[in-house]
Amino acid sequence: MDQNEYLYVKAVYEHGSITKAARSLYISQPSLSTYISRLEQHLNVKLFEKSNGRLQLTYAGERYLDYGRQILALDEKCTYEMSNISKSRNGRLVLGTTNNIGIQTLPLLLAAFHRRFPEVQIYLKETTARELEEMIHHRELDMALLTVPFSARHTEHTVIRDAEVLLSVHKSHPLFQKAIAVPGLKYEFMDLHYLKDEPLILLNEGRRIRLAAEQLFSQIGCRPHALFETTNSIIAHRLAIANVAPTFITEDALDAFHSIKVNYYHVGNPRIIHQMICAYPSESLLDEIGKSFIAIAKEHFSNVSDKNIW
């Protein structure tokens, strides 16, 4: 079916007459009549029948127009998407991220984006979440990858993935024997009461994983005991891998830093779930490059598996 076929049949249906339809299409009546006859012969069905002096659609004619509408809609959608892809092949993206997301998560994501849009220039800004929020507010960034909670002042966002806060424990640590398997959970479950007097590697106060740890310990009426504190979650995780002490880590970090030397456990009831989001000044300001980045990020993290095993 081509567009002319659909338009010719549609015109006859709307006008109820070959003559009137031909006039609206600026073609001769004999030409249109011949065209409809040949189409009916090709399809081996009658598209029209005469009723009360007007040409009416047969059931086959109704189905023909239904399919025609669907085919034209798909054609328009395809043309629109191909145009958007063509437009987004060149350009730039000013992307902000925190240091931890930049180290743990961004390399694999940017590699996936670059494979599809090799001509797009990416300008990366790495700083604190609070500064990124200000930069989005002042439109100094196209978008930023953050974890919630964030202030959301004059910004909009799309959730990219959920990331649970897990406990990381070396396999030779005594806690290793105390976890239990729970049906339906991805990892074993560790009762927080076993951590009550346990020295831990914690991030500095105010960091989001530290806030999550404090929130978890509030469930058992105490605060976590810090053996070491650091600003860097990767250092905390490496100390756990070295069996210095357990630590907390978000599940998204395991995409890049999963280790066979430690086990990861669900903790808390309720458990703490962080969301990674892509924040931007306004959805109306997102160009095709930005929309494509968000789509690829969601696709990437829905398919990602543990990559680099230590």
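Valine 262 counts as buried, at 3% relative accessibility (buried: under 20% relative accessible area, with a 1.4 Å probe and protein chains only). The model is predicted: local features require pLDDT of at least 70, side-chain atom pairs count only at pLDDT 80 or more, and totals for chains, interfaces and linings use all residues. Residues are numbered from 1 along each chain as its sequence is written, and side-chain values use heavy atoms, with hydrogens and water left out.

Valine 262 belongs to strand S11, which comprises residues 262-267; strands (E, at least two residues) and helices (H or I, at least four) are DSSP runs, numbered from the N terminus. With neighbours within four places in sequence set aside, valine 262 makes contact (heavy atoms within 4.5 Å) with Ser168, Val169, His170, Lys171, His237, Ala240 and Ile241. Between the C-alpha atoms of valine 262 and alanine 212, 50 residues apart along the chain, the separation is 20 Å.

Serine 233 is located in helix H9, residues 233-241. Its relative accessibility is 6%, so serine 233 also counts as buried. Beyond the neighbours within four places in sequence, the contacts of serine 233 are Asn100, Gln104, Leu203 and Ile209.

The largest pocket has a volume of about 670 Å³. On a 1 Å grid over the protein atoms alone, a pocket is an open set of points where a 1.4 Å probe fits, with protein on both sides within 12 Å along at least five of seven lines; lining residues have an atom within 4 Å of a point. The volume is the space filled by probe spheres set on the points, which are joined across faces, edges and corners. The lining consists of 25 residues, and Thr98, Asn100, Ala129, Arg207 and Arg208 lie nearest the centre of the pocket. Two or more lining residues each come from helix H5 (99-104), helix H7 (129-137), strand S5 (143-147) and helix H8 (208-218). Helix H5 provides the largest share, 4 residues. By class, 7 lining residues are nonpolar, 13 polar and 5 charged; Ala, Val, Leu, Ile, Met, Phe, Trp, Tyr, Cys and Pro count as nonpolar, Asp, Glu, Lys and Arg as charged, and the others, Gly among them, as polar.

Overall, the protein contains 11 helices and 12 strands, and 46% of its 310 residues count as buried. The C-alpha trace spans about 95 × 45 × 35 Å along its principal axes. Among contacts between residues at least 6 apart in sequence, 75% join residues at least 24 apart.

Definitions and conventions
Buried means under 20% relative accessible area, exposed over 50%, partly exposed in between (1.4 Å probe, protein chains only).
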